[in-house]
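Open the model in your viewer and keep the selection tool at hand. This tour says what to select at each stop and what is there.

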Amino acid sequence: MDAASEPPSTPPDQRVFRRHERIYDPFPVRIRSVDASGEAFECHTVLDNFSASGFYARLQRPVKCGTKLFAIVHLSTSRCEGLAPRVAVRGVVLGVAPRSDVTWGVAVRFTHYRFL
Amino acid sequence: MADPIAHRPPQQSRVPSRDAKAIRILIIDDHVLVRNGLRILLERQDGIMVVGEAGNGPEALAIALSERPDIILLALDWANDLELLPKLYRITPEARAIMLTGMSDLNTHRRAVRLGALGLVCKDQAIEVLLQAIAKVHAGEVWLERTLMAEVLEEITRGGPAQPNDPEAVKIGTLTRREREVIRLVGQCLKNRQIAAQMCIAEDTVRHHLTSIFGKLSVVDRLELVIYAYRHGLSS
């Protein structure tokens, strides 16, 4: 929300115009993809936000726009992740931006999803 | 730009750590300057300890979870900021929230109170007012304008708020008991077959319920329904 200094993961003035409802809870997620140098990686992180059309997360490494990505999102912020409903998603990276906390903000649009 | 003092651990606070009874405060505001200014003003006071600052929802939830503040100062610049409040209470039920607002929209103020805000302080008021509000709310009282307080009391005595201005409440109100049950099970990511088995109905009936639910809630697919259910507390 610090729009002046950070890539706008959740621009407050745009939230009301979003087509899909968006959740800003830190859902745990496991992401598998290929980084900008072509190396495959898998990581655990939490989402900044999540909707029916995509999510925004911070990664420790950059990825290229257009990269395909697979993720499993736990739809709960509870520590008992094993009991949480999960959804597996395939998507495409729409945007990537470096952040001040030395991470990369990655916006992903879903192409497929499946409940696990 | 980095925010060098965001979420400063309590031991680095300028309030002496020996003051075990200090009111522990979490500041949530979009603007770094506002947060820093508030921190400086608050930490000048005896008995107040700022345990963290957050510029967005995920940060706020993480700090609330780790620091367990007594008071949450939540800046209310957009009506959507209010959605953070129930999530914060879920994480720290013992905390008490005060909204700092520059908005004069009474409907938003009412909604803030309904969602659990125990204090409402306008941003154009002096720091002394905020300090009074913090002290009162921490002591178990509320800090609201008289008119707002009267409305809240009236709602309580009349047995609950009428919510003509909340379109989602209207939509949810049209759901039948069976449809709510289906939504709860969809929220657990169950398949139609599993839902049918749990509710002792046919899979076709589940599909009919879903068609009706999608129409009533204006959602287009199952994932959107799961998200809607999560946001509006229909999945638990």
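The stops below go from whole chains to single side chains in a predicted model.

**Stop 1: chain A**

Select chain A and switch to a cartoon view. Chain A has one helix and seven strands. Follow the chain from the N terminus, and the order of its elements reads α-β-β-β-β-β-β-β. Next, colour chain A by burial. Of its 116 residues, 53% count as buried. As for contacts in chain A with a separation of 6 or more, residues 24 or more positions apart account for 53% of them.

**Stop 2: chain B**

Now select chain B. How many helices and strands does chain B have? There are eleven helices and five strands. Chain B has 236 residues, and 45% of them count as buried. Among the contacts in chain B between residues at least 6 apart in sequence, 65% join residues at least 24 apart.

**Stop 3**

Over all chains, the count of salt bridges comes to 16. Begin with one of them: select D29(B) and K123(B) and show their side chains. These two side chains meet in a salt bridge, with 3.6 Å from N to O. Where in chain B do D29(B) and K123(B) lie? D29(B) is in the loop between β1 (23-28) and α1 (32-43), while K123(B) is in the loop between β5 (117-122) and α5 (127-138). The pair links distant parts of the chain, 94 residues apart. Is D29(B) buried or exposed? D29(B) has a relative accessible area of 1%, so it counts as buried. K123(B) is partly exposed, with a relative accessible area of 37%.

**Stop 4: a buried pair and its network**

Select R35(B) and E53(B). Their side chains also form a salt bridge, at 3.6 Å from N to O. R35(B) lies in helix α1 of chain B and E53(B) in strand β2 (residues 48-54), so the pair ties together parts that are 18 residues apart in sequence. R35(B) is buried at a relative accessible area of 2%, and E53(B) is buried at 1%.

Together, R35(B), R39(B), E43(B) and E53(B) are linked in a network of salt bridges.

**Stop 5: a partly exposed pair**

Select K136(B) and E141(B). They form a salt bridge in which the closest N and O atoms are 3.8 Å apart. Why do both residues count as partly exposed? The range for that class runs between 20% and 50% relative accessible area. E141(B) has 40%, so it is partly exposed; K136(B), at 35%, is partly exposed too.

**Stop 6: a positive patch**

For the last stop, show the surface and select R90(A), R114(A), K191(B) and R193(B). These residues form a positive surface patch. Zoom in on R114(A), which lies in strand β7 (residues 104-115) of chain A. R114(A) is exposed, with a relative accessible area of 55%.

Terms used: Residues are numbered from 1 along each chain as its sequence is written. Chains are lettered from A and ligands numbered from 1 in the order in which they are written. This is a predicted model: local features need pLDDT of at least 70, side-chain atom pairs count only at pLDDT 80 or more; totals for chains, interfaces and linings use all residues. Side-chain values use heavy atoms; hydrogens and water are left out. Helices (H or I, at least four residues) and strands (E, at least two) are DSSP runs, numbered from the N terminus. Buried means under 20% relative accessible area, exposed over 50%, partly exposed in between (1.4 Å probe, protein chains only). Contact means heavy atoms within 4.5 Å. A salt bridge is a side-chain nitrogen of Lys or Arg within 4 Å of a carboxyl oxygen of Asp or Glu. Patches are made of residues with over 30% relative accessible area and no salt bridge: like charges are joined within 9 Å, nonpolar side chains (Val, Leu, Ile, Met, Phe, Trp, Tyr) within 5 Å. Accessible areas come from the Shrake-Rupley method with a 1.4 Å probe; for residues, only the protein chains shown count as cover. Lys and Arg count as positive and Asp and Glu as negative; His and the chain ends are not counted. The place of a charge is taken as NZ of Lys, CZ of Arg, CG of Asp or CD of Glu.
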